[in-house]
Amino acid sequence: MAEKFDVIIIGGGVTGCAVARELSRYHVNACLLEKEEDVCDGTSKANSAICHGGYDTEPGTLKSRFNREGNHRMAEVSRELDFPFKPIGSLVLCKSTEELPRLQALYEKGLANRIDGIKILSQEEVAAMEPNITEKAVAALYAEKAGIVDPFLMTVAFAENAFTNGVQFRFNTKVLKIEKAEDGYRLETGSGEYSAKAVVNAAGVYADVFHNMVSSRKIRITARKGEYCLLDRCDGNLVSHVIFELPNPMGKGVLITPTIHGNLMIGPTAVDVEDKESTNTTAAGMENVIARAADNLKNLPRRDFITSFAGLRAHEDSDDFVIGEAEGAENFFDCAGIESPGLTSAPAIGTAVSESIALKMNLSLNPDFNPVRKGILKPSELTAEERNELIAKEPSYGRIICRCESVSEGEILDAIRRPLGARSLDGVKRRVRAGMGRCQAGFCSPKTMAILNRELGMPMEEITKTGIGSEIVEGRTKENDR
Amino acid sequence: MIGEKKAYDIVIIGGGPAGLAAAVSAKKNGIDSVLVIERDSILGGILNQCIHNGFGLHTFKEELTGPEYAARFIRMAEEEKVEVLLDTMVMDIDAERHVTAMNRTDGLFTIDAKAVILAMGCRERPRGALNIPGYRPAGIYTAGMAQRLVNMEGYLPGKEAVILGSGDIGLIMARRLTLEGAKVRVVAEIMPYSGGLKRNIVQCLDDFGIPLKLSHTVVDIRGKERVTGVTIAEVDEHMKPVPGTEEDYDCDTLLLSVGLIPENELSKDAGVALSRVTSGPLVDEELETEREGIFACGNVLHVHDLVDYVSEEATEAGRCAAAYVRRLKEGAAPEEKSAAVPIEAAGGVRYTVPVKVHPERLGDFLTVRFRVGAVYRDSYISVYLDDRRVLHKKKQILAPGEMETVLIKKDEFISGEPVGCMTVKIEEA
């Protein structure tokens, strides 16, 4: 027998989780299906982590609208849901006088997109704001309202809040097939059948597959790979704004930015790939990122790289988001083609899609909806006295597990015990940064594994890096194998 | 009581081999108030996971395992009644030697120290530092993490391994995994020579028939969830992979033994100046950093090849820190050190420890430790005081994997004209 829901959301990325959270404002029996073991395991975990200014989108497009709306709402949403967001502003560098008209055009596009707080800066102003940026920068477009976020915690925050307000979550549940049924849709998954009156398709690079199963108007999504390098936190202050190159037809170019946690990040490349699973980095890609960043930043500290990664943008042929009810498929709501500025847009997409569903299905508001989610307590943000009060109550906050990022056992326990808690090393890492630092989990992995083992009663052999198939250890050593 | 302030004459950060030897030495040199702060739940540091033998030949004239070597120093520390705080993380040190630490029972607290000895050791260079292309699945571990999993936790990380880097831990783990029934397919080393000790290549690879491919590196990692294989390729003289030389290896594990980095984040907080070459503090002949009263020894200062030399260096750091504290207690204003003679590393010598010397403060000898940047055969280690060659020592082989030590008599510095500069270099025969 199929499990029945009013609404099923496919995909636990930032968009799916934002829709889930906004939908939980209504009386509705909803469930989110995610093929991985945790939320935020696809494009949402590997991107530039930027709240974009919105000046560069094509006016009149969905990207333009949702970027503007998402940017406007980011501060409020980050307060409600307690995830990190810093509106540090961005600069688009113009490195030759010949390119000044392109910078001017970008500024005018910003005006056409009704973006406030943008202006063109002189060479001197750029140099004063960013002394480590190349002297070749003759001007820059400044966008005051751009910022940086934590994409993991943003997604986790949406998910936790949705869950607390009644949305169910099913992990390790991969949707294989969708069919129209009498009263909506029937979904076949790797772990049982589901039926729903309405479906939200937030399946990232696979959104075209599900869309095309039910809609007469076909779409096509190409995975556009972006490779990044992350540098040590000692370099996070080399720039104080998000530094872009002039945009090109493939995207926003290679950026240089402090991350919300103080690392320096450079990237991405933009290369279309056939394989929608190919999140591998390449030698050519990383060389490209490093060369271009080195061209824009004086003295790129090449000794301080701590990791590299690649993400896949879900690029739709129309070059725009595909949002709303699909043609010929009533109550099938797309959130497809969500590439940049998808992270920025997520709060606004969540609202728009859930409002359409509510209207269509005549949903009533849930009076018990609680918009507030309390984040994981960060002792490093407390005073010494507050921290000692905390340790007196909960001694686990006095034991540091991850030395590079100073993460205590108490924080890891919170990450595991809270709603939709972490079940793997990466789940812990994304929530509290244990293993995210300069030693890249060399020291803390065995300790975090021991905590997961104790808390979840999960045998060491079953503890994974990021879900089934990514087990950390093979088995006991000979001496212990009894 | 939680948050209570403490004060000690000497606070030692780290309870591994360096910290223990420094503590014992400080006690023996007459300082009663000595505290060792250790983040783990036991003393001994990384020695606890080094269950192979080969430790202690110089110090104890016998071959011990890592835990046995550690146990000897732990016993000495107990006999000397060294105070120890376990499971305690040092969060910050400032230039005035206020040490902020944290644990479950004392909370976050500050210790005023007359002298601090940095003995935090080092960490392993991760994959990201090398920008190895490919996927990011489970199954990629630093050699030291794998060593901890196998030797302390009792778990085998995988069944078929490729090891990148021929540093000593990588070599030791090649043997260890083989003994545990795993298959080690190959050890790839990007340099044209191994970064490990010769004896480890013989005893850990040759004796088990494990191939070592010099001038090779990993150019791709396959497997989305868990490693399924890696590709290695030959590199040219610029360490760039040579197209057409790629070879695929099926494996479920990739171990990295690609270098150690002295762990100096706390030193930076204290304003201690670091060497660009070693990533360790710049110190003088007393192992004092450029911050007064802050000393350094062991792998946090520079990566050693043998623990015996760590103990020796740390003993000296403990003695010098004790002398510093005694001078303070005797009421003598910390005496201005006279102008130091800089020590330059030249001609194949990558760095020296120390980087400067105050000749008038030397005991009988100045000890200088260093490493070379390439393999040299039938060459000489030469030491010059200005233009005067005071040491010319023939060496059949000098290799980057082995630390070298030279001793220079104090007399050489004070017998003639004041010395302007000391130079350590390798001279071909």
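The legends below describe close-up views of a predicted model.

**View 1. Chain A as a whole.**
Chain A contains 12 helices and 23 strands. Along the principal axes, its C-alpha atoms fill a box of roughly 65 × 60 × 45 Å. A compact globule with 482 residues would have a radius of gyration near 23 Å, and chain A agrees because its own value is 23 Å. Of the 482 residues, 60% count as buried. Among the contacts in chain A with a separation of 6 or more, 72% come from residues 24 or more positions apart.

**View 2. Domains 1 and 2 of chain A.**
Three domains divide chain A: domain 1 (3-44 + 152-220 + 318-361), domain 2 (86-147 + 222-316) and domain 3 (379-472). The centres of domain 1 and domain 2 of chain A, taken over C-alpha atoms, are separated by 30 Å. In the contact between these two domains, domain 1 of chain A takes part with 15 residues and domain 2 of chain A with 12 residues. The side of domain 1 that touches domain 2 has 7 nonpolar, 5 polar and 3 charged residues.

**View 3. Strand β16 of chain A and its two partners.**
Strand β16 of chain A covers residues 264-267. In a regular strand the side chains alternate between the two faces of the sheet. Strand β13 (residues 221-231) of chain A runs antiparallel to β16(A) and is joined to it by 3 bridges. Within this pairing, Leu230(A) has Met265(A) as its bridge partner. Strand β15 (residues 255-258) of chain A also pairs with β16(A) in the antiparallel sense, over 4 bridges. Here Leu264(A) of β16(A) has Pro258(A) opposite. The hairpin of β15(A) and β16(A) has 5 residues between the strands, and Gly262(A) in this hairpin takes a positive phi near 95 degrees.

**View 4. Glu455 in helix α12 of chain A.**
Helix α12 of chain A, residues 445-456, contains Glu455(A). Why does Glu455(A) count as partly exposed? There are 16 other C-beta atoms within 10 Å of Glu455(A), and a residue is partly exposed when this number lies between the limits of 12 or fewer for exposed and 20 or more for buried. Apart from neighbours within four places in sequence, Glu455(A) is in contact with Leu413(A) and Ile416(A). Lys177(A) is 278 residues from Glu455(A) in sequence, and their C-alpha atoms are 36 Å apart in space.

**View 5. The contact between chain A and chain B.**
Chain A brings 46 residues to this contact and chain B brings 44 residues. On the side of chain A, at least two residues each are supplied by β13, α7 (283-296), β18 (305-316), α9 (384-393), α12 and β23 (475-476). This side of chain A has 18 nonpolar, 18 polar and 10 charged residues. Strand pairing also links the two chains: β23(A) and strand β11 (residues 155-156) of chain B pair in the antiparallel sense over 2 bridges. In this pair, Tyr155(B) of β11(B) is the bridge partner of Arg476(A).

**View 6. The largest nonpolar core, and another core.**
The largest nonpolar core has 159 residues. Which residues touch the most other members of this core? They are Ile10(B), Ile12(B) and Ile117(B). Helix α7 (residues 307-329) of chain B gives the most to this core, with 9 residues. Leaving aside neighbours within four places in sequence, the contacts of Ile12(B) include Val34(B), Leu35(B), Val36(B), Ile37(B) and Ile117(B). Another core, of 127 residues, lies apart from the largest one, and Val7(A), Leu23(A), Ala30(A) and Val353(A) are among its members.

**View 7. An open sheet of 5 strands in chain B.**
Strands of a sheet pair through backbone hydrogen bonds, either parallel or antiparallel. The order in this open sheet of chain B is β23-β21-β28-β25-β26, and the pairing is mixed. At the edges stand β23 (356-357) and β26 (388-398) of chain B; each has a single partner strand, so one side of each is left without a neighbour in the sheet. Strand β21 (residues 341-345) of chain B runs antiparallel to β23(B), joined to it by 2 bridges. Opposite Lys356(B) in β23(B) stands Pro342(B).

Conventions
Residues numbered from 1 in each chain as written. Chains lettered and ligands numbered in written order. Predicted model: local features only at pLDDT ≥ 70, side-chain atom pairs only at ≥ 80, totals over all residues. Pairing = 2+ DSSP bridges. Domains from an automatic or database assignment. Contact = placed C-beta atoms within 7 Å. Nonpolar A, V, L, I, M, F, W, Y, C, P; charged D, E, K, R; others polar. Rg over C-alpha atoms; globule rule 2.2 N^0.38 Å. Core = buried A, V, L, I, M, F, W, Y, C linked by C-beta atoms within 7 Å.
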